[in-house]
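Subject: Structure handover

Hello,

Here is the structure I said I would pass on. My notes on what was found in it follow below.

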Amino acid sequence: MSTHSKKVFVASRLPKNTGTSGWVAMLPPRIEGPRLEGSLTADVVVIGGGFAGLSAARRISQLDPNISVAVLEAGVIGEGAAGRNSGFIIDLPHEVSSDDYGGDSASKSKKAITISRSAIALASAIAEEQGWSREIFDPCGRYSVAISKEGDEHLASYAGQLDKLGEDHRLLDAQEIAAVTGTRCYTSALFTPGTVIIQPAAYIRGVADCLRPPITVYERTPAVSFESTEQGWRVKTPHGSISTDRIILANNGHAESFGFFKGRLLHIFTYASMTQAFDPGRLSGERKWAATPALPMGTTVRRVPGRRGDRILIRSRYTYHARQVVSDASLRRAGAQHDRKFKARFPGLDDVGMEYRWAGPMAVTWNSVPAFGEIERGVFAACGCNGVGATKATASGIAAAELMLGHGSELTEIYRSFEAPKALPPQPFTAIGAKVNLAFREWNAGGE
């Protein structure tokens, strides 16, 4: 007689995207992978085809190429959160949820660097194998840019921290960063060479397409529920099901949709706008560069060269949405802010309009730790990116695969050492607190 007590986890909602990502729009139409239909089996099911999920699948194939893996992506690869990213795989500590760049202890900073460089190592290996051009994957470094005295002081303090860590960097004055960006709005900058800049939609498509059997990536195949069986788990999708021994939950904030980490994830959205293509001769400086703000919650800017001309990406504004859905009105308000910031930085391009605007989600924990680990027998989470999703989600996916397969590494030891995400205050206090905190941080960032 069976003593199995069945557990069932049903998704209360599925991902919904707002706006059109310029990264996706600039690419040719996607040749989609198959939709899962019928009843199948796999050794591992990965729920989520973004940075975490695809990196987990890749790492599994490295550790044991005979393990069969089914990756379930709710939509089309590249059109979800990963393809809405700003495209920085950052190697040094820089978190939306941190108070400053230089406030971490040396030990904590070194752990953060190990996490980041584990992500860069995996991404670099794929790029080299696939022979990707620098349009997709460019280890060119990044600039942190200041627009105020406070920003200047922050960069100088951060540079001092990097000196103590022995990390390569270079401070630039206003004239030097103007020669790079073609604008005189920046008062100083800090260059760090270890960051990789990607075209995020092309990158995530490329990672999915380089995975080989026994890994299969299913698109337009949301996991709507999963339930325990005597042998393991059965994951149900709209048109089929798949039986498996183990699951990796790599759907970031939507882990909460299945009932995990309830009341422990803050659902934050950030916004980006991308200009129409313009004649490169209209803006001096280098044709390709990427800059993050000196102060947290400031404005990220990228210049993106293309065959039809160059474009400018502006990313700023952060809002809280408990139901993980952003309205068109929120996108319009963010877009108006982007327009002001673009004109302030590039007055000579005031007639260049924005062609694409979009929102992208992140999941933040109160104590800035990932939502990670074995959360049910045979179910492993790689969620809670806390910003810098291309970096941290990639590393979480690697660590989840290693933990699942019992592989020890410095990365898994770091992830094992994290405490659990702390519980948030009950509603409506979480919503009120999050909105007030985000508004204050944006105000504090000022022109940055």
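Ala146 counts as buried because its relative accessibility is 0%; buried means under 20% relative accessible area, exposed over 50%, and partly exposed in between, with a 1.4 Å probe and protein chains only. Ala146 belongs to strand β6, residues 142-146. Helices (H or I, at least four residues) and strands (E, at least two) are DSSP runs, numbered from the N terminus. Leaving out residues up to four places away in sequence, Ala146 touches Gly151, Asp152, Leu155, Cys185, Tyr186, Thr187, Ser188, Ala294 and Glu448, where contact means heavy atoms within 4.5 Å. From Ala146 to Leu295 the separation is 149 residues in sequence, and 7.7 Å in space from C-alpha to C-alpha.

Before the rest, two notes on the source. This is a predicted model, in which local features need pLDDT of at least 70 and side-chain atom pairs count only at pLDDT 80 or more, while totals for chains, interfaces and linings use all residues. Residues are numbered from 1 along each chain as its sequence is written, and side-chain values use heavy atoms, with hydrogens and water left out.

The chain as a whole

The protein chain has 10 helices and 20 strands. Along the principal axes, the C-alpha atoms fill a box of roughly 75 × 45 × 45 Å. Buried residues make up 58% of the 448 in the protein chain. Of the contacts in the protein chain with a separation of 6 or more, 78% are between residues 24 or more positions apart.

Helix α2 (residues 51-63) has 13 residues and reaches 18 Å from its first C-alpha to its last, close to the 18 Å expected at 1.5 Å a residue. The expected span of a helix is 1.5 Å times one less than its number of residues. In α2, 10 of the 13 residues are buried, among them Phe51, Leu54 and Ile60. Arg58 is also in α2 and is buried, with a relative accessible area of 8%. Apart from neighbours within four places in sequence, Arg58 is in contact with Leu122, Ala125, Ile126, Glu129 and Leu211.

Helix α3 (residues 106-130) has 25 residues, and its end C-alpha atoms are 36 Å apart, which agrees with the 36 Å it should span. Gly131 follows α3 and has a positive phi, near 65 degrees.

Backbone points to look at

Most residues other than glycine have a negative phi, and most peptide bonds are trans. The exceptions found here are as follows.

- A cis peptide bond joins Pro213 and Pro214, with omega about 15 degrees; Pro214 is in the loop between α6 (200-210) and β10 (215-218).
- The peptide bond from Gln427 to Pro428 is cis, with omega near 5 degrees; Pro428 is in the loop between α9 (410-417) and α10 (429-445).
- Arg220 is not a glycine but has a positive phi of about 50 degrees. Arg220 lies in the loop between β10 and β11 (225-228) and is partly exposed at 47% relative accessibility.
- Arg317 is not a glycine either, and its phi is positive at about 80 degrees. Arg317 lies in strand β17, residues 311-320, and is partly exposed, with a relative accessible area of 22%.

Regards
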